[in-house]
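Here is a short tour for anyone meeting this structure for the first time. Have a look at the sequence and the model, then read on.

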Amino acid sequence: MRRSMRADETAARSSGNPVSLDGPARDPAVARTTSAADVVHVASLSKRYGEVVAADDVSFALPAGSVTGLLGPNGAGKTTVLRVLLGLAEPHKGEALILGRRYRDLDRPMHVVGAVLESGDFDPGRNGRDHLRVLAFAADVPQRRVDEALAVVGLARAAKRAVRTYSLGMRQRLTLAAALLGSPQLLVLDEPANGLDAKGVHWLRTFLRGFAADGGTVLVSSHVLAEIAQTVDHVVIVDRGHVVARSSLAELVADGKTLEEVYLALTSEDAA
Ligand SMILES: Nc1ncnc2c1ncn2[C@@H]1O[C@H](COP(=O)(O)OP(=O)(O)OP(=O)(O)O)[C@@H](O)[C@H]1O
Ligand SMILES: [Mg+2]
């Protein structure tokens, strides 16, 4: 069952590219349990890099079955928050929990959360399928998930080509396939639309909505509003490390303003 945030919280197509441009395939692994508890709980999170306060007292919670956009200008602190959530950076203060635990305390993290932080490290000579097979083996994921994940992201036909021949958007899709291997219930995606063409962005939106409709939860960052506005049902807007808005999209635009108008009014013009 969906519920809104707490009341106190206001394929890349190049010529000859064989990527399927069909809509996202259904992921056969999806049978996610939804939980009444918050899937992600970030409380009073602060993170400094020397003099720079990258995140300052950031708090938000994500209910199951929602797609939340973490929005903000360049340097606002989005990646920092996601890195702390995924155990890649230590907070100076506060906490970031997934299903009530720190990432590093999860028993089988790949089965709980799939992350796309940046176009990952690929062995350029290896083909897409083998790249996923290695990851699946390391994470004790059944090998059949490799082909399923490739199909879901529309890379089935390119699976046997060396990753070095992939376009930027195809690499993005491969990274997403890797995140899906463990059939996670949470996806954490940092600027996942980077490199995707219009068709790819549309595909990604459809995919994320379907993932949430199946009970999954998505946290997706973006500094490109147009990519995100039609996908999310909740937004957390950050500016210079601070949360400046946190609500359902419906509430945010309730007085007739567009998301873009609200966003521009709340965020700084200069990169932090
Ligand atoms: N490893 C680091 N060392 C020093 N400063 C950092 C580091 N990582 C981030 N910062 C600083 O923290 C602030 C927030 O950066 P962050 O990458 O979280 O922003 P962002 O919202 O993801 O921006 P973008 O939209 O450009 O991806 C910036 O001022 C950045 O320069
Ligand atoms: Mg970033």
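Does D140 count as buried or exposed, going by its C-beta neighbours inside 10 Å? D140 counts as exposed, because it has 10 C-beta neighbours inside 10 Å. The cut-offs behind that word are simple: 20 or more other C-beta atoms within 10 Å of a residue's own make it buried, 12 or fewer make it exposed, and anything in between is partly exposed, with C-beta atoms placed from the backbone.

What you are looking at is a predicted model, where local features need pLDDT of at least 70, side-chain atom pairs count only at pLDDT 80 or more, and totals for chains, interfaces and linings use all residues. Residues are numbered from 1 along each chain as its sequence is written, while chains are lettered from A and ligands numbered from 1 in the order in which they are written.

The chain has 272 residues, and 46% of them are buried. Its secondary structure comes to 9 helices and 9 strands. Both are DSSP runs numbered from the N terminus: helices are H or I with at least four residues, and strands are E with at least two.

Most residues other than glycine have a negative phi.

R240 also has a positive phi, near 50 degrees, and R240 is not a glycine either. Look for R240 in the loop between β8 (234-239) and β9 (242-248). R240 counts as buried because it has 20 C-beta neighbours inside 10 Å.

## How α3 meets α5

Find helix α3 (residues 128-138) and helix α5 (residues 168-180): their axes come within 10 Å and cross at roughly 30 degrees. That angle is why α3 counts as roughly parallel to α5. Here an axis is a line fitted to C-alpha atoms, for helices over the stretch in contact, and angles run from 0 to 180 degrees between N-to-C directions. As for the wording, angles under 35 degrees are roughly parallel, over 145 roughly antiparallel, 65 to 115 roughly perpendicular, and the rest oblique.

On the α3 side, the contact is made by G128, H131, L132 and L135, and α5 brings L174, A177 and A178. Two residues are in contact if their C-beta atoms, placed from the backbone, lie within 7 Å. By class, this contact has 5 nonpolar, 2 polar and no charged residues. Ala, Val, Leu, Ile, Met, Phe, Trp, Tyr, Cys and Pro count as nonpolar, Asp, Glu, Lys and Arg as charged, and the others, Gly among them, as polar.

## How α3 meets α4

The axes of α3 and α4 come within 9 Å and cross at roughly 130 degrees. So α3 is oblique to α4. This crossing is right-handed.

Which residues make the contact? From α3 come G128, R129, L132, R133 and A136, and from α4 come R145, V146, A149 and L150. They divide into 5 nonpolar, 1 polar and 3 charged.

## Around ligand 1

Ligand 1 has 13 residues around it, and the closest are Y49, A54, N74, T79 and T80. To be near the ligand, a residue needs its C-beta atom, placed from the backbone, within 6 Å.

Both β2 (52-62) and α1 (78-85) supply at least two residues of this shell. The most come from α1, which gives 3 residues. In the shell as a whole, 5 residues are nonpolar, 7 polar and 1 charged.

L117 is in the loop between β5 (113-116) and α3. L117 counts as partly exposed because it has 18 C-beta neighbours inside 10 Å. Leaving out residues up to four places away in sequence, L117 touches L82 and D190. L117 and L82 are 35 residues apart in sequence, with 8.1 Å from C-alpha to C-alpha.

V152 belongs to helix α4 (residues 144-152), and V152 is buried, with 24 other C-beta atoms within 10 Å. F207, in helix α6 (residues 198-213), counts as buried with 25 C-beta neighbours inside 10 Å. Along the chain F207 is 182 residues from A25, yet their C-alpha atoms are separated by 8.2 Å.

Terms used:
Left-handed = near helix turned anticlockwise from the far one by under 90°.
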